[in-house]
Amino acid sequence: MAAPLTLLLIVAVTIRAVLFRSSLAELISERVEVVSPLNAWKRVVEGLALLDLGVSPYSGDVFHETPLMIYLFHFTVDYAEIVFMVSPYFVDCLSCLLASLDRAKIAIGSNNLKSDLLFNFPGCLRHIISFSTCGLNNAIIALFIFCTLKGSALLSGILLALATYQSIYPLTLFAPALLFFLQRLYIPVNLRRSSFWCFTLQYAFIYVGSLVVITGLSFFLLGSWDFIPSVYGFIFSVPDLTPNIGLFWYFFAEMFEHFRLFFICVFQINVFFYTIPLSIKLKEHPVFLIFMQIAIISIFKSYPTVGDVALYMAFLPAWSHLYRFLRNIFLVSCVLLACSALFPVLWHLWIYAGSANSNFYYAITLLFNFGQILLVSDYFYAYLRREHHLTHGLYLKKKDGTEATLVLK
Amino acid sequence: MGLLSDPNRRKALTNLLTRLNAPICMVCYLAAIVWFMGLAFEPFTLRTYMSENAMGSTMVEERFSSGERALSLAKEFDAHKRKAGGMPVEWLVKAMQARGLEVFTQSFSRKLPFPDENKERYMVRGTNVYGILRAPRAPRTEALVITAPCSPGNSDNQAVGLLLALAQYFRNQIFWAKDIIFLVNEHDLIGMQAWLEGYHHTNITGMEYSPLQGRAGSIQAALSLELSSDVITSLDLILEGLNGQLPNLDLANLFYAFCQKLGVLCTIQGKLQRNDWDTAEGYTHAAQTMMLMVLKQACGRSWGDHGLFLRYHIEAASIRGINGFRHYKMDVATIGRLLEGMVRKLNNLLERLHQSYFFYLLPSLSRFVSIGYYMPAFGLLAVILLLRVSFPGLDHFTFFNPSGPGVLTVLTPVVISHLTGVALYLLPVHLQEMAVEHFPVSETEAVVLTAVAIYTAGLALPHNTQRLLSGEGTEQGWKVLKLTALLYLAVLLGCTALINFSLGFVLAVTLVPITASMTPHMPKALSALAMVLLSPAFTILYCVFIYQELIEAPVSVGEGWMLFLSVISQGILDHALYGSLVYPLLALFIYPCWLMFWNILFWS
C-alpha cells in the first residue's frame with residue numbers, strides 16, 4: 001500500500017507545483033469564491049509589510065489574521081508556496097485514516113485515497129492553487145481530528161484551542177470531541193455521574209487553558225489587544241460585504257442599520273445552534289457528528305470559501321459505505337457542478353459586462369448552499385437509515401410479511 | 001420537500017418520466033421552436049418605452065443648421081484623404097483646433113495573425129485623431145463620445161464633415177455638463193480598439209499603441225456615425241456588439257423617439273417597420289428582422305464601431321445613413337439635429353444607463369422581447385437534455401462508484417476529444433507557414449483549410465480511440481459517457497445562453513435533437529449523416545445561407561461555401577484582434593462535446 005500511495009502523492013504534489021507556477025494561479029487568487037477578507041494572501045503580505053514598518057498590522061482594517069499566523073509567515077514568507085502546497089495533504093491523509101479507523105466498517109485502504117484525491121480534485125482545484133491561508137486552517141482542524149481519533153486528549157484539546165483561536169467556529173467541535181473521548185473511555189453520558197463531570201472538566205480545562213495561553217501569547221507577541229476586535233470582532237460583526245459564496249453579504253447589504261444587530265445575532269446563532277440537537281441525536285456516533293459539524297460550519301460561517309467546502313468534501317469517501325442509502329446524490333452533484341460553472345459566468349456578467357446585477361450572483365450562491373445543505377442532510381439520512389438497518393435487518397417487512405419502505409418524516 | 005424525501009411519490013414520478021420520455025422530449029422541442037417563432041408576433045411583444053427618468057422629461061429644441069458647412073468639410077476631408085493616402089492627420093488636427101477643441105493623436109500598429117482577405121490588410125499602422133470639447137462649467141468627470149470612421153475610398157466622408165460641424169456648433173453652447181470627445185478612428189475596429197485600450201489603460205489584445213495624451217473622464221455613452229452620401233432616405237440603427245453584447249435598450253428608445261420627433265425614417269437590420277401585424281407578410285417581416293438580429297448576435301462580431309465600447313460598460317450604438325430608393329430625402333442638417341438632440345439628452349444623465357433592459361430581441365424598433373420572454377424557449381431545450389439524463393436503463397450508481405468501470409473509462413474519450421479541440425484552436429494559426437510552404441495556397445486559405453481539415457480528421461477518431469481502450473467497450477461504458485456528455489452539454493449551453501442568448505439558442509436547436517437521441521444501437525449510416533449535418537460547422541453554413549436569404553441577397557452553393565470559409569477566417573481574426581469568444585468556445589468546448597457524441601455513435 002505504501003508504494004502506490006507515495007506515487008500518487010508525488011503525482012499530486014507535482015500537479016499542484018505546476019499549477020502554482022502557472023499564470024492561472026494569479027487569476028484564481030483574485031476570485032471571490034476562493035479568497036475571503038479573512039484569509040487572502042494579499043492581505044497577509046500587507047500585514048507583514050506593516051509589521052516590518054513597526055506599525056500595528058491591524059491598523060487600516062486590511063489584515064484580519066491572528067498574531068501567531070503573522071509570525072508564522074514572518075518566518076516562512078520565502079517558503080510560503082511550500083507551506084501552501086503541503087498543508088492540504090493533512091486533510092487528504094486524515095480522511096484515509098478515518099476510513100480505516102471507523103469501527104465495524106470495511107477497510108477500503110488505498111482505494112480510498114485514490115477516490116479521495118479524485119473527489120478533492122474537481123471540487124478543490126481552485127482552492128489548491130489559490131494563495132489563501134484557508135489550507136492552514138483546514139490542516140489544523142485535520143490534525144485536531146487526527147489527535148482525537150488517536151485518543152490523545154491533551155493534544156486534541158490544544159489543537160482545538162488553536163483552531164478556535166484561528167476562527168471561532170470550531171468551538172462547536174468541542175462537543176463531538178468530548179463525546180468521542182467519553183465513548184472511548186467507556187464513561188456513560190449521564191449528568192449525575194461524577195466520572196462524566198470529572199472528565200468533562202478535565203477536557204474543558206485543557207481546552208480553555210490552551211486558549212487562554214495562546215491568546216496571552218498573542219498579546220505578548222504584538223503588545224496590544226488590537227487583534228481581538230480585528231479578528232473576532234470582524235468575524236462576528238461582518239463589516240465587509242464583498243460577495244462570496246456565503247449567505248451573509250446580500251442580506252446585510254440591503255438591511256437597515258436598525259435591524260443589523262438583531263440579524264447578526266440570528267445568523268451567527270444559526271451556526272452554533274445545530275450542535276445541541278445533533279449531539280443529542282448522534283451521541284453514539286461522534287465521528288459522524290464531527291463531519292456534520294464541519295459541514296455546518298462551512299455552509300453557515302460568515303466568510304466561506306471553496307476551501308471550507310473542500311474540507312468536509314474531503315471526508316466524504318470515509319462514508320462511502322453509506323452510498324447505497326443516499327437518495328439525492330445525483331441531483332446534488334448536478335446542482336453543485338452547475339453552480340460551479342455558473343459562478344464565474346454571472347460574476348463576469350455582473351461586474352464586467354454590467355448586464356446582470358447582484359441578484360443573479362446571489363441566486364447562484366443560494367442554489368450552491370441549497371445543494372450543500374441537501375448533500376449534508378442526505379448523508380445524515382443515509383447514516384440514520386444504515387443504523388436502523390443494523391438493528392432491524394436489511395430487508396424490512398411489515399406485520400403481514402410484505403415488503404416495507406422506510407420513509408423519513 | 002415531499003418529492004425529495006418521499007419514495008412513493010418519487011417512484012411515481014420516475015415511472016412517468018421513464019415511460020413518456022421520448023414524447024415529452026419531442027413536445028418540448030416543438031414547443032421551444034414554436035415559442036421562439038411566436039416571439040415575433042406583435043401581441044406577444046411589448047412596446048418600447050423610455051425607462052431612464054433623466055432622459056425622458058426634458059424638452060429639447062434642436063437648432064443645428066450648418067448642413068452646408070458639414071458637406072463642404074466633407075469634400076475637404078475627402079480631398080485631403082486622397083492626398084495623404086490615409087488619415088489626413090495635420091488637416092484634421094488643424095480643423096479641430098480651429099473649432100476650439102483640445103486635439104490629440106494616437107498612433108497604433110498591429111500585425112494580424114494572417115492576412116485579412118476581406119479588408120486586404122496584414123500589417124496595420126494608423127493614427128486616431130480626437131478632440132475634446134471641455135464642459136464650460138462642470139467638473140470634468142464624465143464624457144460622451146461621438147465617433148466617425150476614416151474609411152478608405154469614398155465612404156464616411158460626410159460623417160467626418162458632420163462631426164466637425166457639430167463640434168463647431170456644440171462649442172458655442174454653454175449647457176454641456178459632460179466633456180464631449182469627437183473621435184476619428186482609422187482602420188475602423190482596430191483603431192477603435194487601440195483608442196479604447198489606451199483610454200482605459202488595458203492591453204488585452206496585444207495591440208501596440210502610443211499612450212493617450214489627453215483624457216476626459218469616465219465615458220457614459222458613445223455614438224458612432226456612418227454617413228456616406230449627401231442626402232439620405234433613412235437611418236439604420238446598429239446595436240449588436242462584440243460577443244453578442246447589446247447596449248441598454250434606452251439608447252435604442254432614445255434614437256427612436258428622436259426619429260419620431262424629427263420625422264426621420266428609421267430602420268433596424270435595414271428593415272422598415274410595418275403596421276399590418278395581423279397579416280402573414282407582417283408577421284414574416286417581424287420574424288425576419290428578429291432572425292437577423294439573432295444571427296448577427298450569434299456570430300459574436302461587432303457590427304459597427306460601437307461594439308467595442310460595450311465591453312467597457314459604455315452604452316454605445318452605431319447610426320448608419322442609408323440612401324435608398326425613396327422619394328422623401330433628408331439632408332445632413334436633419335441628421336445633425338437628431339444627433340444634437342440625442343447628445344443633449346445623454347448630457348442630462350446623472351448615472352450610467354441601467355434602468356432599461358440589457359438583454360432583449362427587437363422584432364422592430366418600437367417592439368421588444370425581454371429576457372423573461374425569450375429564455376423559456378432555451379429553457380425548454382435544456383429540459384430535453386435533463387430529461388434524457390434520466391433515460392431508462394441508466395444506472396446512476398455506476399457513475400459514482402469509484403471501483404466500478406465508471407469514471408475512468410469515460411476519461412479516455414473525454415481527454416482525446418478535448419485534445420482535438422485544443423488542436424483545432426491552436427494549430428491553424430501556428431501551422432500556416434508550414435502549410436504555405438507545402439501547398440500552393442495563401443496564408444488565409446491555409447489557416448481556414450487547416451481548420452476544416454482538423455475538424456474533418458476528428459471524425460476518424462472513434463476508430464482509433466477504441467483501440468486504446470482496454471476492452472471496456474461495454475454497455476455501461478457508453479451510457480456513462482452519454483451521461484457525462486449530456487451534463488457537460490447542458491452546463492455549456494446554459495452558460496453560453498446566459499452570456500450570448502442567440503449563440504446558445506442556435507447551437508441548442510441543432511445539437512439537442514441529435515445528442516438527446518444518440519445511442520450506438522441506431523442505424524449507423526443514417527445517424528452518422530444526421531450527426532454530421534447537424535454538427536457545429538454545418539450550423540455555421542446554414543446560418544450563412546439563412547443570413548444571405550434574410551438580407552435579400554441569396555447566394556449559390558459555391559458562393560455560400562466561399563462565404564463560409566471567409567466567416568471562419570473572420571472568426572479567428574476577431575478572436576485574435578478583439579477578444580471575441582465565439583471561436584474559442586466552438587473549438588475548445590462545443591466541438592469536443594460533439595466529438596464525444598460521435599464517439600458514442602461508434603461505440604463498439
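Where in chain B is H201(B) found?

Analyst: This is a predicted model. H201(B) is found in the loop between α8 and β6 (208–209) of chain B. The residue is exposed, because its relative accessible area is 66% and the cut-off for exposed is over 50%. Its backbone also deserves a look. Most residues other than glycine have a negative phi. H201(B) is not a glycine, yet has a positive phi of about 55°.

Side chains of opposite charge can pair when their charged atoms come close. Helix α8 takes part in such a pair. The side chains of R121(B) and D188(B) meet in a salt bridge, 3.8 Å from N to O. R121(B) lies in strand β3 (residues 121–133) and D188(B) in helix α8 (residues 188–200), so the bridge ties together parts of chain B that are 67 residues apart in sequence. R121(B) counts as buried, because its relative accessibility is 11%. D188(B), at 22%, counts as partly exposed. The cut-off for buried is under 20%. The pair is also part of a network of salt bridges that links D116(B), K119(B), R121(B) and D188(B).

K178(B) forms a salt bridge with E142(B), and their closest N and O atoms are 2.9 Å apart. K178(B) lies in the loop between α7 (157–171) and β5 (179–186), and E142(B) in strand β4 (residues 142–150), so the pair ties together parts of chain B that are 36 residues apart in sequence. K178(B) counts as buried, because its relative accessibility is 2%. E142(B) is partly exposed, with a relative accessible area of 23%.

For contrast, take E61(B) and R63(B). Their side chains meet in a salt bridge at 3.8 Å, N to O. Both of these residues are exposed. Over all chains, the structure holds 17 salt bridges.

Now the helix packing. Two packed helices are described by the angle between their axes and the distance between the axes. Helix α7 was named above as one end of the K178(B) loop. The axes of helix α5 (residues 67–84) of chain B and α7(B) come within 7 Å and cross at roughly 125°. That angle makes α5(B) oblique to α7(B). The crossing of α5(B) past α7(B) is right-handed.

Another helix pair can be read in the same terms. In chain B, the axes of helix α9 (residues 249–262) and helix α11 (residues 332–347) come within 10 Å and cross at roughly 135°. That makes α9(B) oblique to α11(B). α9(B) passes α11(B) in a right-handed crossing.

Next come contacts across the sequence. F41(B) and P363(B) are 322 residues apart in sequence, but their C-alpha atoms are 8.5 Å apart in space. F41(B) has its place in the loop between α3 (21–38) and β1 (46–47) of chain B. F41(B) counts as partly exposed, because its relative accessibility is 29%. L419(B) and L588(B) give another such pair. They are 169 residues apart along the chain, and 8.6 Å separates their C-alpha atoms. L419(B) is found in helix α14 (residues 406–430) of chain B. Its relative accessible area is 54%, so L419(B) is exposed.

Last, the surface. L529(B), L533(B), Y542(B) and I546(B) make a nonpolar surface patch of about 330 Å². Two helices of chain B, α20 (524–533) and α21 (536–550), each supply at least two residues of this patch. I546(B) is found in helix α21. I546(B) is partly exposed, with a relative accessible area of 39%. Patch residues need over 30% relative accessible area, so a partly exposed residue such as I546(B), at 39%, can belong to one.

To return to your residue: H201(B) sits in the loop between α8 and β6, is exposed and has a positive phi of about 55°.

Methods. Residues are numbered from 1 along each chain as its sequence is written. Chains are lettered from A and ligands numbered from 1 in the order in which they are written. This is a predicted model: local features need pLDDT of at least 70, side-chain atom pairs count only at pLDDT 80 or more; totals for chains, interfaces and linings use all residues. Side-chain values use heavy atoms; hydrogens and water are left out. Patches are made of residues with over 30% relative accessible area and no salt bridge: like charges are joined within 9 Å, nonpolar side chains (Val, Leu, Ile, Met, Phe, Trp, Tyr) within 5 Å. Accessible areas come from the Shrake-Rupley method with a 1.4 Å probe; for residues, only the protein chains shown count as cover. A salt bridge is a side-chain nitrogen of Lys or Arg within 4 Å of a carboxyl oxygen of Asp or Glu. Helices (H or I, at least four residues) and strands (E, at least two) are DSSP runs, numbered from the N terminus. Buried means under 20% relative accessible area, exposed over 50%, partly exposed in between (1.4 Å probe, protein chains only). Axes are lines fitted to C-alpha atoms, for helices over the stretch in contact, and angles run from 0 to 180 degrees between N-to-C directions. Angles under 35 degrees count as roughly parallel, over 145 as roughly antiparallel, 65 to 115 as roughly perpendicular and the rest as oblique. A crossing is left-handed if the near helix is turned anticlockwise from the far one by less than a right angle, and right-handed if clockwise.
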